[in-house]
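Welcome! Take a moment to turn the model around on your screen, and then let us walk through some of its features together.

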Amino acid sequence: MSGNIELLNTTLAVAKAADRAALIAYLPAGFPTVDGGIEAVKAVVAGGADVVEVGLPHSDPVLDGPVIQTADDIALRGGVRIADVMRTVREAYEATGVPILVMTYWNPIDRYGVERFTAELAEAGGAGCILPDLPVQESALWREHADKHGLATVFVVAPSSQDARLATITAAGSGFVYAASLMGVTGTRASVGAQAQELVGRTRATTDLPVCVGLGVSNAAQAAEVAGFADGVIVGSAFVKAMLDAPDEAAGLAAVRSLAGELAEGVRKR
């Protein structure tokens with residue numbers, strides 16, 4: 001079975017044709033439980049998310065700040081496994097029909113086996129992977145299997161990336177480019193900053209892929225600001241915090257659906 005890279009490409013193109021940015025939501029698998037995590041994906045899509053990133057919880061999440069680290073810890077202590085991540089992708093895709101990517105560090109894929117991981121992700125209906133710590137120069141094996149199974153390979157670029165490096169990264173990627181708005185880890189911030197707009201401009205000079213911005217966006221005003229210069233707005237920590245702060249799972253699901261609605265409205269107001 002082929003993965004859903006074409007669904008991802010079409011979804012981003014439809015948003016662009018509507019003269020707006022796409023809203024991309026991030027939620028970890030297995031948080032607060034496997035079933036609860038699946039319901040959370042459904043909730044953000046019901047609220048207006050166009051694309052969802054499902055996080056594969058990892059014990060050493062170098063890109064993630066304390067909010068997502070807390071959620072990952074809850075998921076890992078709950079016994080989440082890669083099979084649960086695949087189940088989350090499958091059931092979320094079947095329920096929503098939107099592109100579902102997995103965001104993961106390289107070590108779990110390496111241990112699991114690249115061929116096995118890509119085949120299972122494609123079979124589950126996944127659209128691809130975001131790989132924040134896989135160096136492009138070491139990515140040939142992954143890209144070979146991802147291409148074979150119809151999966152996008154999304155690399156992360158940062159404000160520190162030099163123009164030549166940007167060109168190397170974007171030439172190897174597919175689906176979209178994940179532009180980190182600032183140096184540091186994930187988390188909500190008071191402002192997204194001018195660095196992100198400059199990075200998007202430099203990245204666009206190297207590729208025709210959509211450029212989507214993450215790290216720091218947490219409210220409708222910030223989403224509207226980023227949507228003014230990016231093809232997609234990626235929000236993670238704000239959704240996870242809404243779940244963590246809720247008194248129970250039902251309240252958490254209502255909170256993330258409401259937040260997704262506010263953010264979806266924001267990206268349409270750019």
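## A strand on the inside

Let us begin with strand 1, residues 22-28: seven of its seven residues are buried, so this strand is largely enclosed by the rest of the structure. Here, buried means under 20% relative accessible area, exposed means over 50%, and partly exposed lies in between (1.4 Å probe, protein chains only). Strands (E, at least two residues) and helices (H or I, at least four residues) are DSSP runs, numbered from the N terminus.

In a regular strand the side chains alternate between the two faces of the sheet. Which residues of strand 1 cover each side? A22, I24, Y26 and P28 lie on one side, while L23, A25 and L27 lie on the other, and all of them are buried.

Before going on, please keep in mind that this is a predicted model, in which local features need pLDDT of at least 70, side-chain atom pairs count only at pLDDT 80 or more, and totals for chains, interfaces and linings use all residues. Residues are numbered from 1 along each chain as its sequence is written, and side-chain values use heavy atoms, with hydrogens and water left out.

## Partners on both strands

Two strands pair if DSSP finds at least two bridges between them. Strand 1 runs parallel to strand 9 (residues 232-235), and four bridges join them. Look for L23, whose bridge partner in strand 9 is V233.

Strand 1 also pairs with strand 2 (residues 51-55), again in the parallel sense, over five bridges. In this pairing, L27 stands opposite V54 of strand 2. To get from strand 1 to strand 2, the chain passes through helix 2 (residues 34-47), making a right-handed β-α-β crossover. Right-handed means that, with the strands pointing away from the viewer, the path from the first strand over the helix to the second runs clockwise.

## Salt bridges

How many salt bridges does the structure hold? There are 12, counting each case where a side-chain nitrogen of Lys or Arg is within 4 Å of a carboxyl oxygen of Asp or Glu. One of them joins K42 to E39, with the closest N and O atoms 3.1 Å apart. These two residues are three residues apart in helix 2, so about one helical turn separates them. K42 is partly exposed at 29% relative accessible area, and E39 is partly exposed too, at 33%.

R90 and E123 meet at 2.4 Å, N to O; R90 belongs to helix 4 (residues 82-96) and E123 to helix 6 (residues 114-123), 33 residues apart. R204 and D231 meet at 3.2 Å, N to O. Their positions are 27 residues apart, with R204 in helix 9 (residues 194-204) and D231 in the loop between helix 10 (220-227) and strand 9. R204 is partly exposed, with a relative accessible area of 36%, whereas D231 is buried at 19%.

## A threonine in a loop

Finally, look for T104 in the loop between strand 3 (100-103) and helix 5 (106-112). Is T104 buried or exposed? With a relative accessible area of 1%, T104 is buried.

What is T104 in contact with, leaving aside its neighbours within four places in sequence? Contact means heavy atoms within 4.5 Å, and the partners of T104 are L56, I109, C129, I130, L131, P132 and D133.
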